[in-house]
Amino acid sequence: MNEILLIRHGETTWSASRRHTSYTDLSLTPDGERQARALQPALAGRRFVAVLTSPRTRALRTAQLAGLTVTRCDDDLAEWHYGDYEGRTTAEIQDEHSGWSVWTDGCPGGESPSEVGERLDRLLAKLHPLLDRGPVALVGHAHALRVLGARWIGLPPSAGGLLRLDTATLSLLGHEHGRRVILRWNQPVTQPSGPAREPTARH
C-alpha cells in the first residue's frame, strides 16, 4: 500500500481569527496564498495517482498554488459541518456552553463526531483501490483531516483533538510492518521571503 499526503489549506481571515469555518466559502488571504506557493518545492517531482480536494475554494486554490493537478473534488473531504457554530470561536461558544468541545459534543444543526468519522471512513474506503496504484494527495481542512488521521490508525474521531494541524502544513499517512501509521504530522514548509508569520493553529 502506498502513502496518503495530507495538505491543510492556507490561511483565511476566519482561520486567522480561529473562527469555525465549514460551508462558508472563503478565499485565501495574501499570506494564505504565500503559504500555498511555499508548498511547491516540497511537492516538486512527486507523482500522485490522484489529487482530491474539498470542494471549498480555499482548498482548491491551495492545491492550484502548490502546483498540484486536481483529479477530483470530494464532498467527503469537506470540513466538519459546524451548524449553528459556523463563524464562531471556541471561546465564544464556551462562554455559553461551559466545557464544550467539538471533539466530544459536535455541533447543533451540524455534525456529531461519529458522523464526521463515518464520512472520513467512507473516504478512506474510496482510496483503497487508488493506493494499490500509487500515492494519493488530499487537500482539505483542519478538523476533517485530523479525524482522518485518527481513523487511519484506528482511533475514534475524538482522538483527532490530539493532532494539532496548522495551515499549509504537510502530513503523511503510511504503513510500518503491515500496520497503518502516521509517518509525519503537521510539518511546516519553508516560507518565501517576506515577513515571517506563524502558521494558523485550529481551535
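A salt bridge here is a side-chain nitrogen of Lys or Arg within 4 Å of a carboxyl oxygen of Asp or Glu. The model is predicted, so local features need pLDDT of at least 70 and side-chain atom pairs count only at pLDDT 80 or more, while totals for chains, interfaces and linings use all residues. Residues are numbered from 1 along each chain as its sequence is written, and side-chain values use heavy atoms, without hydrogens or water.

Start with the charged pairs. Side chains of opposite charge can pair when their charged atoms come close. The structure holds 11 salt bridges. One of them joins aspartate 121 and arginine 151, with the closest N and O atoms 2.9 Å apart. Helices (H or I, at least four residues) and strands (E, at least two) are DSSP runs, numbered from the N terminus. Aspartate 121 is partly exposed at 29%, and arginine 151 is partly exposed at 23%.

Salt bridges with shared partners join Arg72, Asp74, Asp76, Arg122 and Lys126 into one network. Within it, arginine 72 and aspartate 74 have their closest N and O atoms 3.2 Å apart. Arginine 72 is partly exposed at 34% relative accessibility, whereas aspartate 74 is buried at 5%. Aspartate 74 also meets lysine 126 in a salt bridge, at 3.0 Å from N to O. That pair links distant parts of the chain: aspartate 74 is in the loop between strand E3 (72–73) and helix H5 (90–96), and lysine 126 is in helix H7 (residues 113–131), 52 residues apart.

Now turn to H8. Of its 11 residues, 10 are buried. Among them are Ala142, His143, Leu145 and Trp152. The buried residues pack against E1, helix H6 (102–105), H7, E4, E5 and strand E6 (179–187), where contact means heavy atoms within 4.5 Å. Arginine 180 lies over the face of tryptophan 152, 4.2 Å from the ring centre. The criterion is NZ of Lys or CZ of Arg within 6 Å of the ring centre and within 35 degrees of the ring normal. After H8 comes glycine 154, with a positive phi near 80°.

Strand E1 (residues 4–8) has 5 of its 5 residues buried. In a regular strand the side chains alternate between the two faces of the sheet. Ile4, Leu6 and Arg8 point one way from E1, and Leu5 and Ile7 the other way. Two strands pair if DSSP finds at least two bridges between them. E1 pairs with strand E4 (residues 136–140) in the parallel sense, over 5 bridges. There, arginine 8 stands opposite glycine 140. E1 also pairs with strand E5 (residues 170–176), in the antiparallel sense over 4 bridges. Isoleucine 7 stands opposite leucine 170 in E5.

Finish with the rings. Rings of Phe, Tyr and Trp (its six-membered ring) pair if their centres lie within 6.5 Å; planes under 30 degrees apart count as stacked, over 60 as edge-to-face and the rest as tilted. There are 2 aromatic pairs. Tryptophan 80 and tryptophan 103 have ring centres 5.5 Å apart and planes at 90°, so they are edge-to-face. Both are buried. Tyrosine 85 and tryptophan 100 have ring centres 5.2 Å apart and planes at 80°, so this pair is edge-to-face. Tyrosine 85 and tryptophan 100 are both buried.

Technical notes:
Buried means under 20% relative accessible area, exposed over 50%, partly exposed in between (1.4 Å probe, protein chains only).
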